[in-house]
Amino acid sequence: MIDENLVFAHRSRALSPDRPFIRGTAQNPDVYFQAREACNPYYLAAPTIVQNAMDKFAQVAGRQYHLFDYFGAPDAERLIIMMGSGAEVAHETVEAMLAAGEKVGLLKVRLFRPFSVEALVAAIPESVKSVAVLDRTKESGAIGEPLYCDVITAFAEMGVSRKVIGGRYGLSSKEFTPAMVKGVYDELNKVHPKNHFTIGINDDVTHTSLDYDPEFSTEAPGTVRALFYGLGADGTVGANKNSIKIIGEETENFAQGYFVYDSKKSGAITTSHLRFGPKPIRSSYLITKANFVACHQFSFLERIDMLKLAEPGATFLLNSPFDADHVWDQLPRMVQQQIISKKLRFYVINGDDVAKVTGMGGRINTIMQTCFFAISGVLPREEAIAAIKYAIQKTYGKRGDTVVQKNYAAVDASLSHLQEVKVPDKVSSLFDMRPPVPAAAPAFVRDVLAQIIAGNGDDLPVSAMPIDGTFPSATAQWEKRNIALEIPVWDEVLCIQCGKCVLVCPHSVIRAKVYDDSYLGNAPATFKAVPARWKDMKDRKYTLQVAPEDCTGCTLCVEVCPAKSKSEVKHRALNMVPQPPLRESEAANWDFFLSLPETDRKLLSPTQVKDIQLLRPLFEFSGACSGCGETPYIKLVTQLFGDRVMIANATGCTSIYGGNLPTTPYCSNEEGRGPSWSNSLFEDNAEFGLGQRLAVDKQNEYARELVWRLGFQIGEELAQAILNADQKSEQGIFAQRARIAELRAKLAGIDTLEARDLISVADSLVKKSIWIVGGDGWAYDIGYGGLDHVLSTGRNVNVLVLDTEVYSNTGGQASKSTPRGAVAKFAAAGKPAGKKDLALMAMSYGSVYVAKIAMGAGDMHTVKAITEAEAYDGPSLIIAYSHCIAHGYDMAHGMDQQKAAVNSGYWPLFRYNPDLVAQGKNPFQLDSRPASIGLKDYIYNETRYTMLVKSNPEHAQELFKLAEEDVSAKWKLYDYMSHQAGAAVEEVKK
Amino acid sequence: MIDLTKTIDLSTTYLGLKLKNPLVASSSPMCREVGNIRRLEDAGASAIVLHSLFEEQIDIDNEELDRFMTESSDVSAESTSNFPDLLFKVMGPEAYLKHIAKCKQAVQIPIIASLNGTTTGGWVGYAKEMQQAGADALELNIYHIPVDPNVSGEQVEQKYIDLIHAVKNEVTIPVSVKLGPYFSSMANMAKRLDGAGADGLVLFNRFYQPDYDLEALEVVPNLILSNSHELLLRLHWIAVIYGNIQADLALTGGVHSATDVVKSMMAGAKVAMMTSALLKRGITFLDTIATELLVWMGEHEYDSIKQMQGSMSRNAVPQPGAFERANYMKVLSSYAMR
């Protein structure tokens, strides 16, 4: 296909000192215009060149493309013009409509720009009377979307007179179905079709949307349409990808697969949509009429109405802990109803049992895959099993023979455990599916967010949506996901009330309160309370309570619990216990716990972990991974300063668990105060946060000016108190809030513009704490330029870098924070270069507070550093070690690994406080000790390192030696820095 | 001055291998480095037992790799995996086998491979591969701790016997068995292993004995290097077994001086194996022991190692009761009288 002479010509135009020239000169107004026009001939020639290439491709491959491909009736009267994958859906629809005798046509745009008006017009049958142009984009404020505008212009320029309407569809990959295509063709039948329409939504605000019949379907009868509901990370998607390969390669069938993920990182639900059939599959939309539905997790049955997508007579395969004789009464009524009414064939297998017996642990993917092949009959059984095994070898072969053999054993054991259920003819279950949110939820949560949770977001009308992306916070509390199989249960006798569990909990699901005895009057029977172990609160009660329906079961709290039974050390003050039997009683306890008053912050010391457990977190129940290493730091920030925090959030994991619909984890306290949160782009989050700082400071400056100007009217004493307020401590901030309340009251009685003006900015007189939050991909890499700039400005912002040493959210790509020797994407052979020392770079300014922390190694140190950073009146940078699933080990040991990172010398803890210079002290304080364990004892607990050791031990050894040198050199440097005397000490010496 | 190396014959045979002296480096992590293998030869080791290949470790490593690669997959649409594909297949025994070949190229002295399996297939398969890689002999490190109260001593012993049979059927190189001391009838067990075809018995394995951290209330790994006191148990059983079986006896555990070596030989061992002494005092300490051994033999007018081997075994001493219960009672009473 490729003309070698063109390749050579291209190379000869490349930059080279062997034939030097300049490209990219700055052009002034005198010539720039002409230069732009100079390239016109190439744009004019491009369509012909592309068509020639398409013709050549047809000769080679046998498939003919045109700049505009027409499909439909030769005498079509109604035409759709569109491009991209949606055109295949339209193609499928046109096929069905042609078969029904309708005169419709479709023009697929293959070359959008340079746009060939001649080719467009030539491709349209003369018979066409009306045209709909579909764009998958929205150009706010434009008179039409790009393709529509081009078509209109082309028709005008070519003197073509046709009725043309334009419409939008499928934004952000929204579903686009044959029913919608049919709706557009139906609209073209009208005398006055709607222009600037939308299709696929219900626009009840500006009424742009077209009506269509969602039941219209073009699914071919011979196609297998299978839906698989799995848990993220259970291997369901991987097995389905293998099934597609098997069917595509081993049979005459065409195959298609699409995988849908929800927005949670823990307990995420994956839905695999698979189609197989004898004809090419153009259906680039999700399956809504499945003839096979598989549920890989029994607990999904009460959360997802998956059988609504099963067509009558379909097959339902369920991974069930109950056998065929006992499963029926364990199904929610809705599930039973649908099985009966749709006459589904119903199979169960105890996949978890088979997995356990065959050494697969909790992995059921190949077991369920084998059952699918056995039931669906896509391939003869023996052939299918051989093909599955071949796929296993290909997929897992590199992970070792043991792994392959284990999978083989699981496949072999599967079929004998597969059972068909004799379906009773009556609904008999005593329970039903759980509502997506409790009835007590606020209206917006009930009416809008609950629909998204239930998977019905597509049905929400335009009027349900906020117009500017503003959503209420504190909504995660309503999304009771019940994903933990086991939850921690408190042994109140053993507990020493240290608060470590509360500190490390990534989801804020374990909390403590100290309160007056009198509140216990209405406590549920199983609610636990013991005397508080606080010197000043001895006469009060203490409760440690778990939110059973929000816990993810990560066990970090249990691992960190220091209180062990004297008679059986495995029993701690927290112990994991199966959740289902405790769900109802503990949920009632949790509700009661929430109704207890918060402990008065004035009685607590926010530098003590023990006291911090009593500070209410304003970040709760996020969808972060179970055992996440990042969220405990964010939670801590909200406990300490949550009522005055403004968060600028970089894109990444933090923005997904922090702000992905349906629900939001940031919440507010009893006064209605809580973090404000907004997500910027990856590359400019530091600037975004700086902007917030500047805006708040400007408002503050203006408000101070107004207070000064209105001093006489509001009273000089109050004005002076406001203007001279010391807000360094929380007490100072509370006092200022009281003054502002007084100010507002006084201003309410003054009817002047200045007074009204001051009311609108009065809140800015209370200190705001700006936090710029993101991961290492942002801070070390893509946002680094901006971060560096913001740190140099001297403005009071706090930067929290949640350092997982890899791009976690996008699947483990190496960042400049990735350490030497660790395997990551783009560093598959182990990262050859060392980790960038972001802290050292920031310290070089001398004016930035810098700290490196690791909660698992020093919780008090973490608290101290975060508190100092916030108090520092200038830029602060905190780099927080964050364990991550991308490191490849059981997150239950995350805090232990943090300790190992510090104990090996790899992650020294330190603080650099420029304020100490003024006190004549060394600003750099090294807070951890020299290595007490080997680097090996830390890094070789993690798959990111061991996968290289196992696959390429010699190279791993080379990198390990260099990594050891990195650690030792860095330690020497920090040790040296920490031993530099401060100015005052030098003076004493003199 | 007399050159003792010319007048005293330190040579011995072990597993049919002719060794220049009875000083063998026993299986330890030290043997992972080819450089150390060379240093051991230079310091006078007559043979080296490599560190053990643990079948279970290979399986666990592979399974964990698989588990964590899978469990971090399909977390979200943006993160369908968290690790890149492995560039190469993970190593099973390949690295170990390569190490055998490298050691063989690096030194002249015999290299004995050490294997700890968990499945019969694993024991036999890896044993064959070790032979193919060039190992001169094989030491089966049966590091098995029977914690299941439903498994009888008889069943445990039969496992050992079956294992020797299976491995001996598949390899032609000599095979020794490294044992722990916890058998109801050690002498009988030795005889049965001998009957099953073992070419040598290595007495005794030092089992890992976890310790308690009383502050954290945790069971913690504990590795205490051996000392000469541990020699006595080995001397006792080698002295008892010597002469009753065909297989060679090797003493391992507690050899820290030339006199420890002498005692080992006198009890009936063909070789004395060392690790802790070398870890404590460096590989070159082996050379010191060899010299001191010569000096001791010179001073005590021994001509050869062979001469002393078994000279103080149970059958060779005038009071065999010293190895029996009567002697135990005497020790106790003498202690009480102090």
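Reader: Which residue in strand 9 of chain A does Arg225(A) stand opposite?

Author: Arg225(A) faces Arg275(A) in strand 9 of chain A. This is a predicted model, in which local features need pLDDT of at least 70, side-chain atom pairs count only at pLDDT 80 or more, and totals for chains, interfaces and linings use all residues. Residues are numbered from 1 along each chain as its sequence is written, while chains are lettered from A and ligands numbered from 1 in the order in which they are written.

Reader: How many bridges join strand 7 to strand 9 of chain A?

Author: First the general idea: two strands pair if DSSP finds at least two bridges between them. Strands (E, at least two residues) and helices (H or I, at least four) are DSSP runs, numbered from the N terminus. Here, eight bridges link strand 7 (residues 224-231) and strand 9 (residues 269-277) of chain A, which run antiparallel.

Reader: What is the strand order of that open sheet?

Author: The order of its seven strands is 8-9-7-10-11-12-13 (chain A), with mixed pairing. Strand 8 (254-261) and strand 13 (419-420) of chain A each have a single partner strand, so one side of each lacks a neighbour in the sheet.

Reader: Which strands does helix 8 of chain A touch?

Author: Contact means that C-beta atoms, placed from the backbone, lie within 7 Å. Angles run from 0 to 180 degrees between N-to-C directions, with axes fitted to C-alpha atoms, for helices over the stretch in contact. Helix 8 (residues 236-250) of chain A packs on the sheet, touching strand 7, strand 8 and strand 9 of chain A. Its direction makes about 10° with that of strand 9 of chain A.

Reader: Where is there a parallel pair?

Author: Strand 23 (residues 849-853) and strand 24 (residues 876-881) of chain A run parallel, joined by five bridges. Ile853(A) has Ala880(A) as its bridge partner in strand 24 of chain A.

Notes: Two residues are in contact if their C-beta atoms, placed from the backbone, lie within 7 Å.
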